[in-house]
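Please view the structure alongside the text.

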Amino acid sequence: MRGTSSFLIVANRLPVDRVGEKQWRRSPGGLVTAIAPVMQRRDGAWLGWTGAAGEELKPFDHDGMHLIPVPLSSMEVEFYYEGFSNATLWPLYHDVVAPPIYSRVLWDAYRAVNDRFARAAADAAAPGAVVWVQDYQLQLVPSMLRKLRPDVKIGFFLHIPFPPGELFMQLPWRVELLEGLLGADLVGFQRPGGASNFVRLCRKMLGVSTVKNDIQLDNGRTVRAEAYPISVDFGELDQLVRESHVMARAKEIRAELGDPEHVLLGVDRLDYTKGIRARLKAYGELFAEGRLKPGEAVFVQVATPTRERVEEYIRLRNDIELQVGRINGEYGEIGRAPITYMHQSFGREELAALYCAADVMMVTPLRDGMNLVAKEYVACRHDLRGALVLSEFAGAADELKQAYLVNPYDVDGMKRTMMAAMQAPPHELGRRMRSLRRRVATHDVDRWANEFLTALES
Ligand code: GDG
């Protein structure tokens with residue numbers, strides 16, 4: 001028996017969050033927005049985990065999308081999700097900025113869960129369907145699915161960086177992962193560098209021959225590796241921030257912060273790859289040296305809770321909260337704290353209002369696949385004000401060349417750039433922002449999805 005879906009997304013998570021006990025809400029975020037219309041046009045389905053351990057649900061429809069839940073036991077959440085995905089692959093693929101855990105028990109769980117996803121996809125896909133597998137949690141799915149269903153077209157997109165060979169070679173299961181990905185017809189990366197790292201590794205580790213970005217397998221099949229930089233829904237954000245209640249909220253936020261001269265903003269999942277420590281260190285030193293005074297500047301750091309049971313994340317949270325407390329304690333005055341720190345997540349509109357309220361957007365990851373926050377900020381600044389300070393190590397730096405680019409490891413450089421961004425004259429900000437907006441407007445998430453799918457189907 002073959003399934004009926006001619007277009008299938010396979011991702012670790014379903015694109016919905018639970019509200020209350022029985023209700024669902026579409027998750028925020030570009031991927032869902034970009035893919036939902038394609039799914040509606042093509043009788044598509046989305047396969048993924050609901051986010052709750054031990055839950056077995058039948059397929060259901062929500063918001064015009066057909067959703068197929070894949071269950072995970074609480075042991076699998078610990079070993080496959082928190083373990084191999086987020087304590088092994090995540091740090092390994094991000095320059096080993098934290099030590100990866102190599103454990104055979106975690107690997108076994110990863111393989112078992114990938115196998116379950118592949119079987120579920122094989123059951124759901126119609127003859128000749130297009131199946132698009134997402135991200136590092138499911139790198140074995142392409143080859144597992146191909147064995148079960150050689151008739152389907154398989155695409156894979158990696159949202160995080162693909163590391164250089166020198167680092168990837170640490171992984172005891174490096175051959176298995178490469179072979180897993182080679183089950184796809186098209187493997188997409190955020191940056192050209194990721195694609196070439198992958199091609200080179202396949203040549204070296206598997207002895208396959210390659211011509212540019214095409215990998216030729218012994219069985220005559222060709223796999224293409226290519227960069228498709230992901231983006232945001234520019235139009236939607238651009239419209240949202242023109243609404244009067246969002247503009248009013250932005251003003252109100254500034255007032256609530258005490259109308260400082262400079263509002264700096266960071267919006268990140270509380271992750272050690274995002275360079276939150278580095279940017280706060282630079283900011284704190286500006287106060288220590290008297291280059292900034294309490295009341296003159298406020299740094300709003302939104303640190304969204306994430307992976308809270310993984311040890312490295314518990315440690316990071318403690319570090320950052322200590323650091324914030326120290327800076328506020330040493331350099332603040334009553335009613336004038338240099339940092340407003342929030343370990344919370346906010347609604348879309350509040351986030352947009354924050355972007356509009358910020359003079360300087362600080363995006364300083366030590367390594368990042370793309371970083372959508374940088375592009376969202378740009379999409380929200382139709383007033384052509386605001387400066388984007390952006391790490392060279394974010395994928396977004398390839399495209400957003402008119403940002404204030406920084407090396408987050410260079411504290412002095414970062415301090416200089418933050419000051420330059422705060423003191424830049426309006427015409428300079430306008431010149432940069434206009435060029436940034438042109439890029440994001442013409443390369444939005446819709447274009448990303450279309451280009452990937454067109455290449456996959458050609
Ligand atoms: C991975 C890659 C790549 C954050 N806090 C709130 C909130 N967010 C939203 C942001 C943005 C998204 O979450 C974060 O996306 P990023 O791209 O910045 O980072 P990752 O989560 O690490 O994403 C990354 C991405 O995949 C896509 O391929 O760019 O490199 O690591 O959209 O706005 N949204 C709301 N409230 C919050 O408090 N509503």
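The shell around the ligand holds 21 residues, of which His159, Ser345, Gly369, Met370 and Leu372 come nearest; a residue is near a molecule if its C-beta atom, placed from the backbone, lies within 6 Å of it. This is a predicted model, in which local features need pLDDT of at least 70 and side-chain atom pairs count only at pLDDT 80 or more, while totals for chains, interfaces and linings use all residues. Residues are numbered from 1 along each chain as its sequence is written.

Four elements, β13 (262–269), β14 (297–304), α12 (348–357) and α13 (372–380), each supply at least two residues of this shell. The largest share, three residues, comes from α13. Helices (H or I, at least four residues) and strands (E, at least two) are DSSP runs, numbered from the N terminus.

By class, the shell around the ligand has ten nonpolar, seven polar and four charged residues. Here Ala, Val, Leu, Ile, Met, Phe, Trp, Tyr, Cys and Pro count as nonpolar, Asp, Glu, Lys and Arg as charged, and the others, Gly among them, as polar.

The chain is assigned two domains, domain 1 (5–230 + 446–457) and domain 2 (234–442), with bounds that come from an automatic or database domain assignment. Both domains give residues to the shell around the ligand, so the ligand lies between them. The C-alpha centres of domain 1 and domain 2 are 30 Å apart.

Across the boundary, 17 residues of domain 1 are in contact with 16 residues of domain 2, a contact being two residues whose C-beta atoms, placed from the backbone, lie within 7 Å. On the side of domain 1 that touches domain 2, α1 (30–41) and α2 (74–93) each supply at least two residues. The most come from α2, with three residues. That side of domain 1 divides into eight nonpolar, six polar and three charged residues.

The table turns to the chain as a whole.

| Property of the chain | Value |
|---|---|
| Secondary structure | 16 helices and 18 strands |
| Box of the C-alpha atoms along the principal axes | roughly 70 × 45 × 40 Å |
| Buried share of the 458 residues | 48% |

A residue is buried if 20 or more other C-beta atoms, placed from the backbone, lie within 10 Å of its own. Of the contacts with a separation of 6 or more, 74% join residues 24 or more positions apart.

With 458 residues, a compact globule would have a radius of gyration near 23 Å, and the 22 Å of the chain agrees with this. The radius is taken over C-alpha atoms, and the globule rule is 2.2 Å times the number of residues to the power 0.38.

Methods
A residue is buried if 20 or more other C-beta atoms lie within 10 Å of its own, exposed if 12 or fewer, and partly exposed in between; C-beta atoms are placed from the backbone.
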